[in-house]
Each structure stands twice: as C-alpha cells, then as structure tokens.
Amino acid sequence: MRKLKDLIPKNINIKWKLTLWAAFLMLFLFFSYNILQYFVIQNWVVNKEKQTIHKKMEEVTAYIQDSSFLGSVSDSEKYLDVLNEKYQLIRIVKKNNSPLFTISDEVPQSWVAPKNVTKEELVEISPKGDRLLIYRRPIEVNGFKGTVEIVRNLENFDSLINQIFMLVIVTGLVAMILSLLGGRLISFQLLKPINSMIRTMKRIKENGLEERVQINKQRDEMTELGIMFNELMDNLEKSFQQQQQFVEDASHELKTPLSIIHGHLSLINRWGKDNPTVLERSIHLSLNETNRLIYLVSELLTLSRAEESTTNTNSLEEVKIKEILVDIVENFKIINNDFEILSTIDISSDFTLKILKSHLEQIMIILLDNAIKYSANEKIIQIYVRNTGKQLTIEVKDYGVGIPKEELPFVSNRFYRVDKARSRKHGGNGLGLSIAKRLLDIYQGTIEMDSVYGKWTKVQITFTLEEDVQKVR
C-alpha cells in the first residue's frame with residue numbers, strides 16, 4: 001500500500017504541500033469523529049430498542065399471567081391493542097406454532113412466521129429490506145402453554161441512521177472545501193515570513209546587500225528565523241565590505257613599491273647601466289622596496305592564517321607565561337640597546353595559560369615593535385604584567401608620537417595608519433595590530449588602547465582566566 005506522502009506530487013511547492021497536509025489532517029479528524037459518532041449513535045439506538053422491547057414484554061407477560069385470559073380473549077386482545085405501539089406487532093403463539101391472536105400496527109404478519117419457543121430469544125432479521133427486532137418468551141398460565149412474540153420494526157431507527165449518514169456525507173464535502181481553504185490560509189500564515197525572506201533575497205540579488213527582512217512584533221520561531229537571517233546578512237555585508245576594503249588597501253599598498261621598483265628598472269634600462277652611481281642607487285632602493293614587499297606579503301599571510309585559525313583552546317597545553325615574557329623582553333633589550341626597556345612582571349614563575357607559545361610571542365613582538373618604532377626622543381618602554389585573579393593583563397607603554405583620540409577606534413583596522421608618511425618611513429604597513437587582535441580573538445582576549453597625542457601611548461591586552469586553570473603561587 002502506498003504511503004500518504006507518496007500520493008502528494010513531489011514537484012509542487014511547499015505552500016500546496018502544507019495546504020494538502022492540513023486538509024488531509026482536518027478531513028481525517030472530521031471523518032474519524034463522525035464515524036465514531038455514527039457507530040455510537042447506532043449502538044445507543046439499538047440498545048434503546050432492546051430496552052423498550054424488553055420492557056414491553058414484561059408488561060405483556062405480567063398482564064397475561066395476572067388474568068385468566070383464556071376465558072376472556074377479547075378483553076385481553078383489547079388491552080394488548082391499547083398497549084401496542086406504532087411499528088410493533090404483539091402475537092400469542094400456541095404450542096403448535098399457530099397464532100392465538102395477533103395485534104399489529106404497520107408490521108405485516110407475513111414478515112415473521114409464528115414460532116413457539118421453550119426459552120427466551122432475541123433476534124434481528126431484515127425481510128423486505130426492513131430491520132425487525134424479534135423478542136420471544138415462553139408463558140404458561142391456567143394450563144395454556146405458548147409464546148409471547150413481540151416484533152418491532154426499526155424503520156424509524158434506520159431512517160435516523162440514514163439521515164445521520166447523509167449528514168456525514170454532506171458535511172464531509174463541506175468540510176473538504178473548508179479544509180482546503182483553511183489549509184491554504186494556514187500555509188499562507190506559516191509561510192508569510194519565508195515568502196518575505198524570499199522577496200528580500202530577490203531584492204538583495206537586484207539591489208545589493210542592504211536589504212533586510214521586516215521583523216514582526218510576534219516572537220515566534222519564524223520571527224527568530226527572520227532575525228537570524230538579518231544577522232547573517234549583517235555579517236555577510238560586513239565581511240564583504242571588509243574584503244573589499246582589504247583588496248583595495250592591499251592593492252594600494254602593493255602598487256607603490258611595485259611602481260618604485262618599475263621606475264628604477266626603467267631608469268637603469270634607459271641610461272643607468274653606464275652610470276655606476278645611478279645604477280648602485282637604483283639597485284639599493286629597489287632592494288629596499290622588494291624587502292618591504294616581502295614583509296608586507298608575510299604580514300598578509302600571517303593575518304590570513306590567523307583569521308582562518310580554528311585552534312581549540314581546550315586541547316592546548318598550559319605554558320608558563322613569565323618565562324616567555326622574560327625571554328622576549330631580554331631579546332628586545334639586546335637588539336635595541338639605545339632604549340630603556342623597563343618590565344614589571346608581577347606573576348609567579350608557575351603561572352600558566354592555555355595558549356600557543358608562538359601566538360603569545362607574536363602578539364608581544366607586535367606590541368613592542370610598534371612601541372619602539374613610534375617612540376620619539378624619550379626612548380623608554382614600560383611593560384607591566386599582573387594577575388588580578390580573574391584576568392591576566394599585559395601593558396606596553398611608550399612615550400612617542402601618540403595617537404589622536406578620534407583615531408583610537410580605528411588603529412586595529414587593516415592598513416590603518418595614523419600618519420601614513422611617518423608610518424611608511426618606519427616601515428609600517430598597518431597590519432600588526434590587526435594580527436594581534438585576531439590572535440587575541442582566538443583566546444577570547446581583548447586589546448585596548450589609550451594615548452595622549454604627542455606624549456604617550458599605552459596598549460593593554462587582557463586574557464580572562466578560568467578558575468580551575470588559574471595557578472598563582
């Protein structure tokens with residue numbers, strides 16, 4: 001047997017599928033209820049008829065047994081005639097199966113042959129298409145032995161059942177139409193947010209990523225779906241804009257050194273080959289730009305890898321932070337001996353954190369490198385590390401050129417530089433803080449900056465510590 005879902009074509013849209021499923025469900029419930037009601041009514045009426053014929057038999061036998069009817073047959077017949085009802089037959093049957101007398105009201109005697117019985121019986125027959133309920137009980141009074149026979153025609157009952165059946169059919173047809181209309185209405189209401197989303201997608205395809213789904217005040221699953229869709233579109237638009245900005249900035253950053261290299265090569269090609277001074281100068285500058293290109297591409301690759309990183313912090317081994325920081329500070333002191341690098345690492349030697357050693361080193365190198373690059377005449381770098389019990393904070397402060405307050409929110413953006421000329425002079429590409437921020441995001445860390453333009457700049461990174469992994473001794 002084919003399943004119900006196999007009866008529904010697979011190429012129709014979800015609106016009609018919901019309509020048909022809703023209609024099938026409503027029809028199933030409707031017909032199930034009506035069929036159950038039909039059989040309940042039928043069973044109730046049959047039991048009622050049996051109770052009625054039983055009560056009538058009690059009345060008839062009680063009267064016969066309480067009177068000497070053999071001497072007054074006509075009187076008994078008159079009483080039973082009064083006792084009889086419409087569509088009912090009362091008959092006294094003698095021992096030889098012949099009727100003593102019969103009283104009938106619209107029940108032909110020929111439909112039921114007289115029958116003498118020795119014990120009660122209740123049967124149901126259907127002669128001539130009508131249903132008859134026959135109840136026979138043996139009697140013995142004043143030497144008479146026979147049977148009282150009562151026959152009830154269930155025509156009224158059948159008429160009622162037929163009317164109920166026709167009512168079920170008619171209401172079923174009406175219910176079928178209403179079910180389709182109701183299913184259509186239900187599918188329209190359920191799919192209204194989805195249709196709105198589809199229309200929004202079409203507008204996005206035509207007009208761009210700015211379109212959004214309208215959110216209703218009702219807070220249901222469909223509303224949540226619309227909110228989630230809008231959030232995804234916001235993220236997509238943001239990512240698209242970042243990617244577009246990244247491509248534009250990278251193109252701009254790569255264009256300048258390539259143009260310089262091309263210019264020097266053209267100069268050498270025209271007349272620089274015969275002039276050692278021009279040749280040496282052009283080669284030197286071209287090599288500088290080539291090194292800057294290599295450094296830029298390296299930073300771009302590092303940032304790309306950081307953004308694609310799926311490091312699982314739960315699987316990392318804990319590393320001793322103080323040992324790593326001390327080594328980094330010492331290395332910077334050696335290679336920058338004209339700077340005074342002051343460090344206060346206020347954590348124990350056994351303090352550990354779940355982080356890749358290379359990531360922590362790269363973050364600290366970026367912060368210290370920026371501090372040294374943009375220091376002015378006062379070549380002092382201060383490093384302060386402390387554990388508050390809930391957080392590990394690392395501060396790096398320099399007394400250099402500083403950053404204007406209005407530009408602080410943008411300094412961690414890709415390729416952003418406060419003073420482009422000065423940054424280019426120091427070899428900056430505006431990617432260092434972007435890389436540091438992305439690496440911190442992997443470990444749910446944060447980076448904050450504060451600065452007074454022309455005086456100092458302080459960068460603070462923070463790691464949130466879990467209670468079960470804090471180790472402070």
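Me: How many helices and strands does the chain have?

Reply: Good place to start. This is a predicted model, and its chain has ten helices and twelve strands. Of the 473 residues in the chain, buried ones make up 37%.

Me: What share of the contacts with a separation of 6 or more comes from residues 24 or more positions apart?

Reply: Those residues account for 62% of such contacts in the chain.

Me: Which residues of α7 are buried?

Reply: They are I321, I324, L325, I328, V329 and F332. Their arc around the axis is only 130°, which means they sit on the same side of α7.

Me: Why do residues three or four places apart in an α-helix point the same way?

Reply: Because an α-helix has 3.6 residues a turn. Now look at the other side of α7, where E323 and I334 are exposed.

Me: And what covers the buried residues of α7?

Reply: Quite a list! The cover includes the strands β6 (318–320), β7 (340–346), β8 (352–354), β9 (380–387) and β10 (391–398), along with helix α8 (357–373).

Me: On to sheets. In what order do the strands of the open sheet of five stand?

Reply: Read across it and you get β2-β1-β5-β4-β3, with antiparallel pairing. At the edges are β2 (99–105) and β3 (121–125); each has a single partner strand, so one side of each has no neighbour in the sheet. From one strand to the next, the twist averages 15°.

Me: How many bridges link β3 and β4?

Reply: Five, and the two strands pair in the antiparallel sense. To find your way around there, look for L122, which stands opposite Y135 in β4.

Me: Now salt bridges. How many are there, and what cut-off is used?

Reply: The idea is a side-chain nitrogen of Lys or Arg within 4 Å of a carboxyl oxygen of Asp or Glu. By this rule the count comes to 16.

Me: Which residue forms a salt bridge with E58?

Reply: That's R137, with the closest N and O atoms 2.8 Å apart. E58 belongs to helix α2 (residues 14–65) and R137 to strand β4 (residues 132–141), so this pair ties together parts 79 residues apart in sequence. E58 is partly exposed, at 36% relative accessible area, while R137 counts as buried at 12%.

Me: What about E149: which residue is its salt-bridge partner?

Reply: R91, and here the closest N and O atoms are 2.9 Å apart. E149 is in strand β5 (residues 144–153) and R91 in strand β1 (residues 88–94), so the pair ties together parts 58 residues apart in sequence. E149 counts as buried, with 0% relative accessibility, and R91 is buried too, at 1%.

Me: How far apart are the closest N and O atoms of R131 and E124?

Reply: In that salt bridge they are 2.4 Å apart. R131 is buried, with a relative accessible area of 17%, whereas E124 counts as partly exposed at 39%.

Me: Which residues do salt bridges with shared partners join into one network?

Reply: Find E49, K56, E59, E85 and R152 in the structure: those are the residues joined that way.

How values were computed:
Residues are numbered from 1 along each chain as its sequence is written. This is a predicted model: local features need pLDDT of at least 70, side-chain atom pairs count only at pLDDT 80 or more; totals for chains, interfaces and linings use all residues. Side-chain values use heavy atoms; hydrogens and water are left out. Buried means under 20% relative accessible area, exposed over 50%, partly exposed in between (1.4 Å probe, protein chains only). Helices (H or I, at least four residues) and strands (E, at least two) are DSSP runs, numbered from the N terminus. The arc is that of the directions from the helix axis to the C-beta atoms. Contact means heavy atoms within 4.5 Å. Two strands pair if DSSP finds at least two bridges between them. Axes are lines fitted to C-alpha atoms, for helices over the stretch in contact, and angles run from 0 to 180 degrees between N-to-C directions.
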